[in-house]
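Welcome! Open your viewer, get the ligand ready to select, and follow along one stop at a time.

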Amino acid sequence: MGVPLLDLTLQYTQLKEESDALWFDVMSKAAYIGGSRVEQLEEEIAQYCGVNYCVACANGTDALFLILEALGIGRGDEVITTPWTFFATLECIVHVGATPVLVDIEPGTYNIDPALIEAHISGRTKAIMPVHIYGQCVDMDALNDIAQRHDLVIIEDACQAIGATYKGKRAGSLGRAAAFSFFPTKNLGGAGDGGCITTDDKELADRMRLVARHGEASKYLHTTFGVNSRLDALQAGLLSLRLAKLDEWNNQRREAAAYYRQHLAAITELELPVERDWGKMVYHLFVLKSARAPEIVAYLQQQGIGSALYYPKSLHEQDVLLKVPGFVRPSLPVAEDSASKTFALPCYPGITREQQDEVIAALGAFFAS
Ligand SMILES: *Cc1c(COP(=O)(O)O)cnc(C)c1O
């Protein structure tokens, strides 16, 4: 039968009438940019995440950039983050002129290891940027404790974690500011690119909005050099519709993950992802570890089952980083050991038990042969 790694059509068909009506309304009024739909989404996201402010922007990468820029982090500064993430996390640090300092991850969760952070703090360190990888929150109490003692800012890269919780609070409310992505494959995805920032800090929210709108303080009065980073009305409207479904969809991801756990536990060659008890993981991806990962992915693909390596390479091994002034390539044994050994299985809202059984049977056959 075949099972895709991700099936986005379900998100459309479940909201078909509302999505189509939205599309025709935006088209017929030709009001494409900004407007009440964007403001409404900002309010809804702020409320959902439990913060006072949300600033919509063009994508998750911009969201990270806008936070760093508005905080005044730049040349000569260092930002501590993880090598186990999408490249954008590091890219925005480099784009503001700062140097990323990469700290190893924990086995099992693949999140930054808080116990290793303090040894990397220098006089230049300004911020810690945790990434809630695969939709599981980093141990934020440990991070906040370090940040307080060293007077550092915490910036959450929550692009994979909308809806995830840590001790009763949602991702996006756990640091000074947080970046979200609405790229179609994310847990809350639009029909194109999109992103936003959440924060409780009004002054910071105003500054981020200013930078995202060409530094235009009032009509044709530019008080800083900014960028153009906006969310379309169509995306905002669609994201509002889908936000109402997000908890249901995230729960479906969690149920699918629990089913895999139950039925894959017997395969000792597979390391299941570790789920911490401090909150709700939203399984942006369900990632397993095995020394035979590349073979497994190829085998599953042959059987028509979508699977991919996440990630084939740890970012500290990307040679382009050697061009960054001040960057020192660290030795990160856990990240190095995870590269090319971790792979994702289909785990999305709407996946059926039959489809999951097919994946489980294929893995069983692989290890029996
Ligand atoms: C997707 C993602 C981003 C970038 O978001 P875009 O909307 O694609 O720019 C940044 N960080 C992480 C961890 C991501 O998964």
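A pocket here is an open set of grid points, found over the protein atoms alone, with protein on both sides within 12 Å along at least five of seven lines. Keep in mind that you are looking at a predicted model.

Stop 1: Select the ligand first: the space it takes is the largest pocket. Now colour α4 (60–70) and α5 (88–95), the elements that each give two or more residues to the shell around the ligand.

Stop 2: Show the 14 residues around the ligand; G60, T61, D157, S181 and K186 come nearest. By class, this shell has 4 nonpolar, 8 polar and 2 charged residues.

Stop 3: Zoom in on G60, where a backbone N or O atom lies 2.8 Å from an oxygen atom of the ligand. Move to T61: an N or O atom in its side chain is 2.5 Å from a ligand oxygen atom. Then pick D157, which has a side-chain N or O atom 2.8 Å from a nitrogen atom of the ligand. How much of the ligand does the protein bury? Taken alone, the ligand exposes 380 Å², and the protein buries 93% of that.

Definitions and conventions: Residues are numbered from 1 along each chain as its sequence is written. This is a predicted model: local features need pLDDT of at least 70, side-chain atom pairs count only at pLDDT 80 or more; totals for chains, interfaces and linings use all residues. Side-chain values use heavy atoms; hydrogens and water are left out. A residue is near a molecule or strand if one of its heavy atoms lies within 4 Å of it. A polar contact is a pair of N or O atoms within 3.5 Å; within protein, one must be able to donate a hydrogen and the other to accept it, and residues adjacent in sequence count only if both atoms are side-chain atoms. Accessible areas come from the Shrake-Rupley method with a 1.4 Å probe; for residues, only the protein chains shown count as cover. On a 1 Å grid over the protein atoms alone, a cavity is a set of points where a 1.4 Å probe fits but cannot get out, and a pocket is an open set with protein on both sides within 12 Å along at least five of seven lines; lining residues have an atom within 4 Å of a point. A molecule sits in a cavity or pocket if more than half of its atoms lie within 2 Å of its grid points. Helices (H or I, at least four residues) and strands (E, at least two) are DSSP runs, numbered from the N terminus. Ala, Val, Leu, Ile, Met, Phe, Trp, Tyr, Cys and Pro count as nonpolar, Asp, Glu, Lys and Arg as charged, and the others, Gly among them, as polar.
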